[in-house]
Amino acid sequence: MSSQISRRTLLRTAVTVAGAAVAAPLLSACGSGGAAKSGSNSKAGLAGALPAFVASTAVTADIPSVTGPSGGFSDPGFLTYPAAPVKTVTKTPGSGGSYSAVTPLWGTIPAADNPFYQAVNAALGVKLTMQPANGTTYNTAIPTLTAAQKLPDWVQLPTWWNALFNVGGLVGTQLADLTPYLAGDKIKEYPNLAALPTGAWQAGVWGDKLYGIPSFASGTAFAGAFFYRRDVFEAKGIAADSVKSADDLMNLGKELTNASAGVWAFDDMWTYLTQPFGIAQLFTAKDGKLVHKYEQPEYLEALNWAWKLAKSGYIHPDALAGNNNDAKARFYAGKVLVTGDGTGSWNMADAQAGQAADPKYRRGALPLFAADGTSAPSIFLGSSTSLVSYLNAKLKPEQIKELLAVANYLAAPWGSAEYTLINYGVEGVDHTRVDGTPTFTPAGQKSVQQQTYPFLVSSPQATSNPGFDQITKDRTAWEAQAVKYAYKPVFWNMNITVPSRLATAGAAQALEDTVKDVQHGLKTVADYQNALTSWKRSGGDELTAWYQSEIYDKQGSGQ
């Protein structure tokens, strides 16, 4: 089994623990450091700060990436692990320096200075003391370090905690400016870093300068899809691509639902209705003016459709009651046949769980479609990464260069010799090959499986499911089609610090509660419109005006 953690799986775990919405805008917070900076201040400033992108050719994927018109590209697919991993770094990157590194870890903390750490340090040519910290308390540990100005030499600061950690105030004071070392063609000195998606680097830009180094970066990062029981559809002779409109989806519900037999067509569908109805991630821009998603006509249309669906009898009663914890169990058992879910759920572990409930289980994803059945479908790109690491501003230039050389090693592509060491450890000690795939030994389970180094920087995301090649083929095929319709949403990958006075409007909790009641059939669309009016009066309009004047008009859209 592959040890590479899925960024999407990680985010589900981290967000559950942190109680934060990863994709939410940042709210200003107090903390050590200077005044908080926003992201890029201009298109020219961003262009001057971002590194050049040079795709790696060191490892050939079985299923190559597909690039869409927006510049997004699907994750490559691998059906086998390389029998003889190639080296991408020809010489030892370090020159004997000693450094400390802190990363969050949602798991068992490995023993300090264990044999795996020693083997990696030998390969890196430095003494990098890994100090993984409990992920559940990381949000309190980092502010303590920044208040005392005792950050380590290298630290992971997940973007969903940017406001809490006051990253915008730490850059340039406690966090080093990497622009002189990585901007433009300068990054070509570090080929593996140059192969990281440009959008992921943008997540580390503050005030027209580059500070952060991305981990688990993806060229697509789609939020999710409508998944269906492909095995059941095929047995019934239903073609997934026959769903070309919202009406088709509703009709499918009628065809699939058999309540007397305990089978309903749908689970919770609301979150992913953004795709067919064309709802913005947060804002859309029309004639130079921002429109919040809540005020889009498409949002109202989607909510009205969701209300009708709730009243149709085609949604499982537990889903209507808000019981989402058992959604996967319902899907595996065939009690629901279509469900909305994140793309990270489409993997080997899902197949194993599904086949334990039903040996015929196979997950598929509906092709993208537009609600009206005639318009071209569209889907917005999510954040390219939510994991960004930083170097300490106290480091000398030669030390920064040494750690960037180390970062280049850690960012080696999937299946390379460097990747294999960082993700699986030493062969014969930390892992052995089982059917060609690196598999952990007991020693590897203790020291390597609980990942640490990739939280500093990692290879770009790739899709691989050893022993379940069909999943890799299915998922990469869906992504290759979806990326053709992908677009960069307004404020894509931008670091935006929203004033604390707008926190309530930004959270829009009362409005979101009303949305939930409407989608569950408990309230009407008219109730939503009343709640929307209240939200606009109580800060919603001010929030939109702030984004318009302070971000969009001055800094652009990030697209």
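**Helix pair and rings**

I found H22 and H23 to be roughly antiparallel to each other, a label for angles over 145 degrees. The model is predicted, with local features needing pLDDT of at least 70 and side-chain atom pairs counting only at pLDDT 80 or more, while totals for chains, interfaces and linings use all residues. Residues are numbered from 1 along each chain as its sequence is written, and side-chain values use heavy atoms, without hydrogens and water.

I read an angle of about 175 degrees between H22 (residues 509–519) and H23 (residues 525–555), with the axes 9 Å apart. Axes are lines fitted to C-alpha atoms over the stretch in contact, and angles run from 0 to 180 degrees between N-to-C directions. Helices are DSSP runs of H or I, at least four residues, numbered from the N terminus.

I then listed the contact (heavy atoms within 4.5 Å). H22 contributes Leu511, Thr514, Val515 and Val518, and H23 contributes Val525, Asp527, Tyr528, Ala531, Leu532 and Trp535.

I searched the whole structure for aromatic pairs and got 34. Rings of Phe, Tyr and Trp (its six-membered ring) pair if their centres lie within 6.5 Å; planes under 30 degrees apart are stacked, over 60 edge-to-face and the rest tilted. Trp160 and Trp161 form a tilted pair, 5.6 Å centre to centre with 55 degrees between the planes. Trp161 and Phe165 are also tilted, at 5.6 Å and 45 degrees.

I noted one aromatic cluster made of Phe78, Tyr81, Trp414, Tyr419, Tyr424 and Phe440.

Key. Helix = DSSP H or I, 4+ residues; strand = E, 2+ residues; numbered from the N terminus. Parallel < 35°, antiparallel > 145°, perpendicular 65-115°, else oblique.
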